[in-house]
Amino acid sequence: MVNLTVMGAGPVPTADYLDRLARTLSKKPTSRGWDCPLCQHKNNPVDNLLVKLPAFKCSNPDIDCPGKCPATPEWSINECVVNGVRCDFVIRDQGPYPTCTAQALLHGMDAKLKVHGALYGKILLQQLNGSDLLAKYCEKVKSALGEEVDPAVRNARTPCLLQIAQSDGVEYIAPDGSLATGRKLRISSWFYLKTDEINLLIRLIASGFPLLTSMTTGRCFTMTNEGEIYMSPQLTPNHAIVLIGFWVRPIWLPGEDGSTKLVEKVLFKARDSKGDRAHISGQQSGTGGDIYLLAEDLPKYAFGFHLEPPSWMQ
Ligand SMILES: [Zn+2]
């Protein structure tokens, strides 16, 4: 792992910051609190920018209570509605090119821009130009994305792309027949955190921070339908995705003794970049680009970022 601190990572948003951010939007989906079945402690919902969620684990300050929320909350950025604007965003297709890290960042910027617009009550449809980001990467690294020879460069693709989006920005696609305006979207800063901080990962996503990370994919990956769980083979992560939602629910898993057990699990919803037919969905008549993965299948780190608000939008 490259030393990310020296490469310009900023601080992870604090609980105080996320609390303040949450108070900037009052009308949002709200979960009810719950009374712990073990200790009767009343667990109030946690306020985030886009959704008030139940505390997943009992928050009794007097004892370390193992009580868990009896509900099965499910939420994602692409399905949330803010000020009447749906925050869905395009499913990108990397085609046969090994550009998943760039697609994950573009998906993240698409999502954050959509949320940012929705907070102002605006529907933003103009898309970012992926070729612009890939060209800037190639110029900086002197190699096409996915074709780097130096392992140190390969391992630093995501921070490198984040730096480019911060210093140079990513241009928008100019509509057909119009002159390119050169207008760009930039990120103002970025951070990374360990993925074992599951409550914080959930809070960040619920606060409108898509999280860039990777997963291991095998041959059955594209047979995973929209909304299904993909159980990663135990290999080195080989595919970049962006986490955009979560689902806490009981699922049947094989135990050590070979029998299956119903276990309460945290799943993360990931937007893939293999086009809108890769993970087909009955609900959406054949289209879909999202899958679910288990929290324990995440690699060690995830990356988030703050967007520089586009001046023309305010
Ligand atoms: Zn309790």
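Author: The account below begins with the chain as a whole, turns to the packed helices, and ends with some individual residues.

The model is a predicted one: local features require pLDDT of at least 70, side-chain atom pairs count only at pLDDT 80 or more, and totals for chains, interfaces and linings use all residues. Residue numbers start from 1 along each chain, following the sequence as it is written.

The secondary structure of the chain comprises six helices and 15 strands. Helices (H or I, at least four residues) and strands (E, at least two) are DSSP runs, numbered from the N terminus. Along the principal axes, the C-alpha atoms of the chain fill a box of roughly 65 × 50 × 45 Å. The radius of gyration of the chain is 20 Å, which agrees with the value near 20 Å for a compact globule of 314 residues. This radius is taken over C-alpha atoms, and the globule rule is 2.2 Å times the number of residues to the power 0.38. Of the 314 residues, 36% count as buried. A residue is buried if 20 or more other C-beta atoms lie within 10 Å of its own, exposed if 12 or fewer, and partly exposed in between, with C-beta atoms placed from the backbone. Among contacts between residues at least 6 apart in sequence, 65% join residues at least 24 apart. Two residues are in contact if their C-beta atoms, placed from the backbone, lie within 7 Å.

The helix packing now follows. Two packed helices are described by the angle between their axes and the distance between the axes. Axes are lines fitted to C-alpha atoms, for helices over the stretch in contact, and angles run from 0 to 180 degrees between N-to-C directions.

Helix 2 (residues 100-119) and helix 3 (residues 130-141) have axes that come within 10 Å and cross at roughly 130°. Helix 2 is therefore oblique to helix 3. Angles under 35 degrees count as roughly parallel, over 145 as roughly antiparallel, 65 to 115 as roughly perpendicular, and the rest as oblique. The crossing of these two helices is right-handed. A crossing is right-handed if the near helix is turned clockwise from the far one by less than a right angle, and left-handed if anticlockwise. On the side of helix 2, the residues in contact are Ala102, Gln103 and Leu106, and they meet Gly130, Leu133, Leu134 and Tyr137 in helix 3. This contact of helix 2 with helix 3 consists of five nonpolar residues, two polar and no charged. Here Ala, Val, Leu, Ile, Met, Phe, Trp, Tyr, Cys and Pro count as nonpolar, Asp, Glu, Lys and Arg as charged, and the others, Gly among them, as polar.

Helix 3 also packs on helix 5 (residues 157-167), at an angle of about 110° and with the axes 10 Å apart. Helix 3 is therefore roughly perpendicular to helix 5. Their crossing is right-handed. Helix 3 contributes Leu133, Lys136, Tyr137, Lys140 and Val141, while helix 5 contributes Cys160, Leu161 and Ile164. The contact of helix 3 with helix 5 has six nonpolar residues, no polar and two charged.

Helix 2 and helix 5 pack at about 45°, their axes being 10 Å apart. These two helices are therefore oblique to each other. Helix 2 passes helix 5 in a right-handed crossing. Thr101, Ala102, Leu105 and Met109 of helix 2 make the contact with Arg157, Thr158, Leu161, Leu162 and Ala165 of helix 5. The residues of this contact divide into six nonpolar, two polar and one charged.

Some individual residues complete the picture. Lysine 142 lies in the loop between helix 3 and helix 4 (151-155). Most residues other than glycine have a negative phi. Lysine 142, although not a glycine, has a positive phi of about 65°. Lysine 142 is exposed, with 9 other C-beta atoms within 10 Å. Glutamine 40, in the loop between strand 1 (34-35) and strand 2 (42-43), has a positive phi near 65°. With 11 C-beta neighbours inside 10 Å, glutamine 40 counts as exposed. Alanine 165 and glutamate 74 are 91 residues apart along the chain, and their C-alpha atoms are separated by 30 Å. Glutamate 74 belongs to strand 5 (residues 74-76), and with 15 C-beta neighbours inside 10 Å it counts as partly exposed.
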